[in-house]
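Take a walk through this protein chain, one region at a time. Keep the sequence and the 3D view side by side as you read.

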Amino acid sequence: MAEGKDQTGASWEDLPLPDEYPEPHTEEKVVLKAEAEEDVSAPAAEKSAKDQPTKGSPNLLQMLKAAESRWTPQGQDRNREESETGELVAEARKTDMQIQFTEQKQEFNKRPAKTARRSLSRSISQSSTDSYSSVCSDSSEDESSPRDKSQKTSKGLSDFCIKNIKQAYFGRREIEIAEQEMPALMVLRKRAGGEKPLAGAKVLGCTHITAQTAVLIETLSVLGAQCRWAACNIFSTQNAVAAALAEQGIPVFAWRGESEDDFWWCIDRCVSADTWQPNMILDDGGDLTHWIYKKHLSLFKKLKGIVEESVTGIYRLYQLSKAGRLCVPAMNVNDSVTKQKFDNLYCCKESILDGLKRTTDVMFGGKQAVVCGYGEVGKGCCAALKALGAVVYVTEVDPICALQACMDGFRVIKLSEVVRQVDIVITCTGNKNVVGREHLDRMKNGCIVCNMGHSSTEIELASLRTAELRWERVRPQVDHVIWPDGRRIILLAEGRLLNLSCSTVPSLVLSITATTQAMALIELYSAPEGRYKQDVYLLPKKMDEFVAGLHLPMFDAHLTELTDEQAKYLGISKHGPFKSNYYRY
């Protein structure tokens, strides 16, 4: 296409201009003397232009002529020949345009006064979080610590510490929505609610406090247990849900955005060893178990059982068992099939993308990402990133997991080999200092760093809190860590669990894990004396299959039944368990 022509072949100079142009909307029009003098001769100009094929406002025509004079050599020559008077008139017109623009700007600034004011930075920040307002339900107007406030429920109860009890109504709506996607717990309430298998149980819990966890806590109450709860993560608590639980009469000590001091204070208040003696623990991360073991050893020895669902917490329990200091039986829910294959794999497969999108609005296609660890969580993260077109690398210490990654099409490397070129770094090992300062110093500008493992120790954050580095909060749970040379990394959730800190997770998957936890509590609490010794146990295979079976009706799935002959051939019961304990799913 020739320069200066449109698609029809006509020159831009030949295109007809509209007859009229709307005037800018201003409260008061300011007219300079120079423009007023020009308007006097405007009728004559219009009369002489009647026979012209086009008409336009004088200002626009003058602007077009001025533009032509800048673009063409002839115009540039004419510009050199302009008289001093012409330059003054042009300057006056320019001033007139600036004054009109200022008036338009003032008018624009007046309009938002009729609606709720919201700063640009808040608009940008909220764009990625409005869809989960309940997760970020903090009141921006109330910055005081809940520890300094005295609150009571509608029934006069005050044994709790949350952000705002007035949010209970909204939290109840969130819980009701979650119940629709958690069928197994609802079935468990109906089947076992009358029997009260947890009657007399006093369950002390330290997990994420979300709508899905609230369904579990209320299910335990229906089954006969008394519960007290604290949060295992300072960023994952849904304040409205915590308020709904407190209004229901369940002591909750948690709010979103706790400090480290608040975190341990909440756990200590939750334990309340002087007035309430727990006999069961449901833990996620091992912090509650560690606190009771260190601070209340006599209470620890009286427990009937511990249920733990995280890699980090299980490591701690096995260390206690190996040292001969584990005084109570413990159930390893993390390594149960229903937890590993559904929560760790399928949940992370969906929620990793959700968390990254909401916090950074990143485009995954063509990006280079490294996932540290190829366990079930790592497998889910890698599959999700690969599906959206990212180039994915894997780091591993286990040769079996490394071989799996290779067979799945991922290149297994050391982090130091690709840290300079990758756009996203995700840790999911359950270990500590997986990403050290030596890696952080070499990352490219704008690299996103986040953690999908439970513990916040996988990224060496202590090395980033130095005088030479500057931290800048740009969104909720999004920090820029800036080096002296201006290079920066984007750190999400301060190295804590990304999906529950920055987004939400599918209720259905959490239903599977929560039902597994409930079954483990029932098993440990109701087991006859001597069945479980002071050690760490896996959930019985029969219970894994029972939990899975409770969720099949939601998919309208129909199981095939073995005949007596087939069951005899396989040497198993026709009602299960169908796999041996050593079977790898």
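**A helix under cover**

Helix H10 is followed by Gly 249, whose phi is positive, near 100°. The names need a word of explanation: helices (H or I, at least four residues) and strands (E, at least two) are DSSP runs, numbered from the N terminus. Residues are numbered from 1 along each chain as its sequence is written. This is a predicted model: local features need pLDDT of at least 70, side-chain atom pairs count only at pLDDT 80 or more, and totals for chains, interfaces and linings use all residues, while side-chain values use heavy atoms, with hydrogens and water left out.

H10 spans residues 239–247. It is mostly covered, with 8 of its 9 residues buried. Buried means under 20% relative accessible area, exposed over 50%, and partly exposed in between (1.4 Å probe, protein chains only). The buried residues of H10 are Asn 239, Ala 240, Val 241, Ala 242, Ala 243, Ala 244, Leu 245 and Ala 246. What covers them? The cover includes helix H7 (168–180), helix H9 (211–222) and strand E3 (252–253).

The predictor gives each residue a confidence, pLDDT, from 0 to 100. The protein chain averages a pLDDT of 81, and 75% of the residues score at least 70. Over residues 1–13 the pLDDT is below 50. Beyond near neighbours in sequence, this stretch has 12 contacts in the model, a contact being heavy atoms within 4.5 Å. Residues 79–85 also have a pLDDT below 50. That stretch has 3 contacts beyond near neighbours in sequence.

**The parallel sheet**

Strand E3, part of the cover over H10, also belongs to a sheet. The sheet is open and has 7 strands, in the order E3-E2-E1-E4-E5-E6-E15. Its pairing is parallel. Two strands pair if DSSP finds at least two bridges between them. E3 and strand E15 (536–538) are the edge strands, and each pairs on one side only.

Look inside the sheet at strand E5 (residues 305–308) and strand E6 (residues 330–332). They run parallel and are joined by 3 bridges. Ile 306 has Ala 330 in E6 as its bridge partner.

Now move along to strand E13. Is strand E13 enclosed or open? All 5 of its 5 residues (478–482) are buried, so E13 is largely enclosed by the rest of the structure. Val 478, His 480 and Ile 482 point one way from the strand. Asp 479 and Val 481 point the other way.

E13 pairs with strand E12 (residues 470–475) in the antiparallel sense, over 5 bridges. Here Arg 475 has Val 478 as its bridge partner. The hairpin of E12 and E13 has 2 residues between the strands, and Gln 477 in it takes a positive phi near 70°.

Strand E14 (residues 488–492) also runs antiparallel to E13, again with 5 bridges. Val 478 stands opposite Leu 492 in E14. The hairpin of E13 and E14 has 5 residues between the strands. In this hairpin Gly 486 takes a positive phi near 95°.

**Charged pairs**

A salt bridge is a side-chain nitrogen of Lys or Arg within 4 Å of a carboxyl oxygen of Asp or Glu. How many salt bridges does this rule give? The count comes to 21. One network links Arg 465, Arg 473, Asp 479 and Glu 494. Asp 479 is one of the buried residues of E13.

Return to H7, one of the elements covering H10. The side chains of Arg 173 and Glu 176 meet in a salt bridge (2.8 Å, N to O). They are 3 residues apart in helix H7, so about one helical turn separates them. Arg 173 is partly exposed, at 29% relative accessible area. Glu 176 is partly exposed at 33%.

Glu 179 forms a salt bridge with Arg 189, the closest N and O atoms being 3.7 Å apart. Glu 179 lies in helix H7 and Arg 189 in helix H8 (residues 183–192), 10 residues apart. Glu 179 and Arg 189 are buried.

Glu 376 forms a salt bridge with Lys 341, with the closest N and O atoms 3.3 Å apart. Glu 376 lies in helix H16 (residues 376–387) and Lys 341 in helix H15 (residues 337–360), so the pair ties together parts that are 35 residues apart in sequence. Glu 376 counts as buried, at 15% relative accessibility. Lys 341 is partly exposed, at 23%.
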